[in-house]
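Welcome! The report below then walks through some of its features, one topic at a time.

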Amino acid sequence: MRDYDAATAFLGEWGRFQRLVFFLLSASIIPNGFNGMSAVFLAGTPEHRCAVPRGANLSSEWRNASIPLELRGGREAPSRCRRYRLAALANFSALGLRPGSDVELEALEQEPCLDGWEYSRDVYSSTIVTEWNLVCEDDWKAPLTTSLFFVGVLIGSFISGQLSDRFGRKSILFLTMAVQTGFSFLQIFSTSWEMFTVLFLIVGMGQISNYVVAFILGTEILGKSVRILFSTLGVCIFFAFGYMLLPLFAYFIRDWRMLLLALTVPGLFCIPLWWVIPESPRWLISQGRYKEAEVIIRKAAKINGIAAPAVLLTLQRYMQDSKPQQQQKAILLDLFRTRNIATITIMSLLLWFFTSVGYFGLSLSTPDWHGNAYLNCFLSAVIEVPAYVIAWLLLRSLPRRYSLSGILFLGGSVVLFIQLVPADLNVLSVCLVMLGKFGITAAFSMLYVYNVELYPTLVRNMAVGATSTASRLGSIIAPYFVYLGAYDRFLPYILMGSLTVLIGILTLFLPESYGKPLPESFEQMLKVKCFRNRQQTTGIRSSKESPKSLVTPL
């Protein structure tokens, strides 16, 4: 709506009204930060071993020797899922035999944890893992819990835009806030893992919907220069602030139900925002609700201390101008209609998928790093702030392809080096993980802008939707990358580091969009590096013969 921008230019770019909208919408993202990563502590797995009941008739010496040792991380540690058969140990204890000297322990028969588990309380008082014994044969349920949360995120990504287009930005923003807060509260009363997981999926739907709608509302209300700042720094940094609060809450509240209650309460502080955050005037105009749009614009002028024109908008005329003209409809296959666009699409899908795996894999693995789990999670959140700032600066001043490839290569390389760090240099390995998280986070935030610049208007929104879906799929499988650490501590880092380096190299083959106008048609699309000097495919040749079939006046 270029006429809308011209008609509201008198409001300025950074008045009191714009600052209010900027900071309040950004602040509404804070609960998303700690809800999005809450599984780190809600589903944390403490050290555990088979429980030995008090009535087992074992001497203290045999009770201490009842758990076999196993090799884990290059060191011997008590088994988490097996114990020596208690009936045999009770006989040896009754006969006065001693473990190790009189009886060779390695030759004894073993059995699973028939009487449950004993959990260490050094890190967590209770989690859903200790509540429902999600260990050993059921250890797959903990990563599945997180994966299903991201399935909810995937579903919410699909429906949030459609709902806000139909019912309004403001209404859906606060509805999804209510879903996120309300179902988080209901999770406190979960009586089974299945109930908790279903509710967690719904929380995921609300979490991403709130984020997406706040993003849309902000970009529609704010002016062009502030819009870029809001989309690249505002929502991202406030998400990081919420992420930082998570380990602080979790450090002081070690019980998962009480922690969930503490994480739910901040959502209630968003209720008063209903009377402050306005509906999008652009959306109101698109729905023919001209008077409501004019009221909001006049109120914005009053807040900014600016006198609005007597005749603010000839709304019917602007509405006529903003009605979409007859245009060609795009389908998903248009993302693959020529070799060039198909290559860009496939490379973009891989880029989003593996960047998402790296980001969420490193974020969810913080309890597995050396040192304090709460400090590690806090540092993982803190590093995102400079990452977003660096990404913003790179987008402003350097070519997309080389800067994106460089930070991906940096992030992947340092994650790969972790396996080479000696076991006694724990601080160095944490620093390398943090540097890897920095690179991948910066790359993740740059992908949104780069993706938009690569595609023509006809399929741009569809391309962003397709690549975002690839990102969600990456987040769904990321918990299982972390899960591989139970078999080999370095395996998740080797996989994530290798894949990140690979896509960093792959990025070099994408077109460079820095300083170039957005393509409006398929003919204007930038060419993949290896196709630049080649003859165009049949689809492109035919488009040159009849360009009107492709060019759209969007």
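## Cavities inside the model

A search of the whole structure, which is a predicted model, turns up 6 cavities of 30 Å³ or more. The largest cavity has a volume of about 80 Å³.

Which residues line the largest cavity? They are Asp368, Trp369, His370, Ile418, Ser429, Val430, Val433, Arg489, Phe490 and Tyr493. By class, this lining divides into 6 nonpolar, 2 polar and 2 charged residues. Helix H20, covering residues 426-454, gives the most to the lining, with 3 residues.

## The chain as a whole

Stepping back, the secondary structure of the chain comes to 23 helices and 6 strands. The chain has 554 residues, and buried residues make up 52% of them.

## Helix H17 and its two partners

Two packed helices are described by the angle between their axes and the distance between the axes. Let us start with helix H17 (residues 373-382) and helix H18 (residues 384-397), whose axes come within 4 Å and cross at roughly 15°. Angles under 35 degrees count as roughly parallel, so H17 is roughly parallel to H18. On the H17 side, the contact is made by Ser380, Ala381 and Val382, while H18 brings Glu384, Val385 and Pro386. This contact has 4 nonpolar, 1 polar and 1 charged residues.

The axes of H11 and H17 come within 8 Å and cross at roughly 170°. Because an angle over 145 degrees counts as roughly antiparallel, H11 is described as roughly antiparallel to H17. H11 contributes Ala240, Tyr243, Met244, Leu246, Pro247, Leu248, Ala250 and Tyr251 to the contact, and H17 contributes Tyr374, Cys377, Phe378, Ser380, Ala381 and Val382. By class, the residues here divide into 13 nonpolar, 1 polar and no charged.

Is Asn210 buried or exposed? Its relative accessibility is 0%, so Asn210 counts as buried. You will find Asn210 in helix H10, which covers residues 193-221.

What does Asn210 touch, leaving aside its neighbours within four places in sequence? It is in contact with Ser28, Asn32, Leu173, Thr176, Met177 and Gln180.

## Two positive phi angles in one loop

Finally, have a look at the loop between helix H7 (128-132) and helix H8 (141-167), where Asn133 sits. Asn133 is not a glycine, yet it has a positive phi of about 50°. With a relative accessible area of 28%, Asn133 is partly exposed.

Cys136 is also placed in the loop between H7 and H8. Its phi is positive too, at about 55°, although Cys136 is not a glycine. Where Asn133 is partly exposed, Cys136 counts as buried, because its relative accessibility is 12% and buried means under 20%.

Notes
Residues numbered from 1 in each chain as written. Predicted model: local features only at pLDDT ≥ 70, side-chain atom pairs only at ≥ 80, totals over all residues. Heavy atoms only, no water. Buried < 20%, exposed > 50% of the residue type's maximum accessible area, 1.4 Å probe, protein only. Contact = heavy atoms within 4.5 Å. 1 Å grid on protein atoms, 1.4 Å probe; cavity = no way out; pocket = protein on both sides within 12 Å on 5 of 7 lines; lining within 4 Å. Points joined across faces, edges and corners; volume = space filled by probe spheres on them. Nonpolar A, V, L, I, M, F, W, Y, C, P; charged D, E, K, R; others polar. Axes fitted to C-alpha atoms, helices over the stretch in contact; angles between N-to-C directions. Parallel < 35°, antiparallel > 145°, perpendicular 65-115°, else oblique.
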